[in-house]
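This report describes selected local features of one protein model. The sequence and structure are shown first, and the discussion follows.

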Amino acid sequence: FVTSASSPRELAEKLGMDYHAFLATLECYNGAVERQHDEQFGRTTALRAPINEGPFHAIRIAPGVHHTMGGVTINT
């Protein structure tokens, strides 16, 4: 589930990502952390620390099936 690497370049290679696009994303995020405002997504919270030191980790996220564990009543 987790892919790890010591550098952004190595992580991008392992994931088959374009390194320059990945680096631009990291730079954009780190700038938002510095300003404490993410203009792209309008966030002003959860911008605690820049991502600029390894190791670097990536986790593939995909939709999952969820269901209620009770609590919903269905009737005619």
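Which residues does Leu47 touch, not counting residues up to four places away in sequence? The model is a predicted one, and in it Leu47 touches Tyr29, Ala32, Val33, Gln36, His37 and Asp38. Leu47 itself is found in the loop between α2, which spans 19-35, and β2. Is Leu47 buried or exposed? Its relative accessibility is 2%, and Leu47 is therefore buried, since the cut-off for that class is under 20% relative accessible area. The separation of Leu47 from Ile74 is 27 residues in sequence, whereas in space the two lie 42 Å apart, C-alpha to C-alpha.

**Backbone features of the loop**

As a rule, most residues other than glycine have a negative phi, and most peptide bonds are trans. Gln36, one of the contacts of Leu47, has a positive phi near 60° and is not a glycine. Ala46 likewise shows a positive phi, of about 60°, although it is not a glycine. Gln36 lies in the loop between α2 and β2, and Ala46 is found in the loop between α2 and β2 as well. Gln36 is partly exposed, and Ala46 also counts as partly exposed.

A cis peptide bond joins Gly54 and Pro55, with omega about 0°. Pro55 is found in the loop between α2 and β2.

**Accessibility**

| Residue | Relative accessible area | Class |
|---|---|---|
| Leu47 | 2% | buried |
| Gln36 | 40% | partly exposed |
| Ala46 | 44% | partly exposed |
| Ile59 | 54% | exposed |

**Surface patch and ring contacts**

Where is Ile59 placed? Ile59 is in strand β2, which comprises residues 56-59. With a relative accessible area of 54%, Ile59 is exposed, because that class requires a value over 50%. Ile59 contributes to a nonpolar surface patch of about 560 Å², made together with Phe1, Val2 and Ile61.

How many aromatic pairs does a search of the whole structure find? The search finds zero. An aromatic ring does take part in another arrangement: the charged end of Arg9 sits over the ring of Tyr19, at 4.0 Å from the ring centre.

Terms used. Residues numbered from 1 in each chain as written. Predicted model: local features only at pLDDT ≥ 70, side-chain atom pairs only at ≥ 80, totals over all residues. Heavy atoms only, no water. Patch = residues over 30% accessible without salt bridge, like charges linked within 9 Å, V, L, I, M, F, W, Y side chains within 5 Å. Areas by Shrake-Rupley, 256 points an atom, 1.4 Å probe, with all protein chains shown as cover. Salt bridge = Lys/Arg side-chain N within 4 Å of Asp/Glu carboxyl O. Helix = DSSP H or I, 4+ residues; strand = E, 2+ residues; numbered from the N terminus. Buried < 20%, exposed > 50% of the residue type's maximum accessible area, 1.4 Å probe, protein only. Contact = heavy atoms within 4.5 Å. Phe/Tyr/Trp six-rings, centres within 6.5 Å; stacked < 30°, edge-to-face > 60°. Lys NZ or Arg CZ within 6 Å of the ring centre and 35° of its normal.
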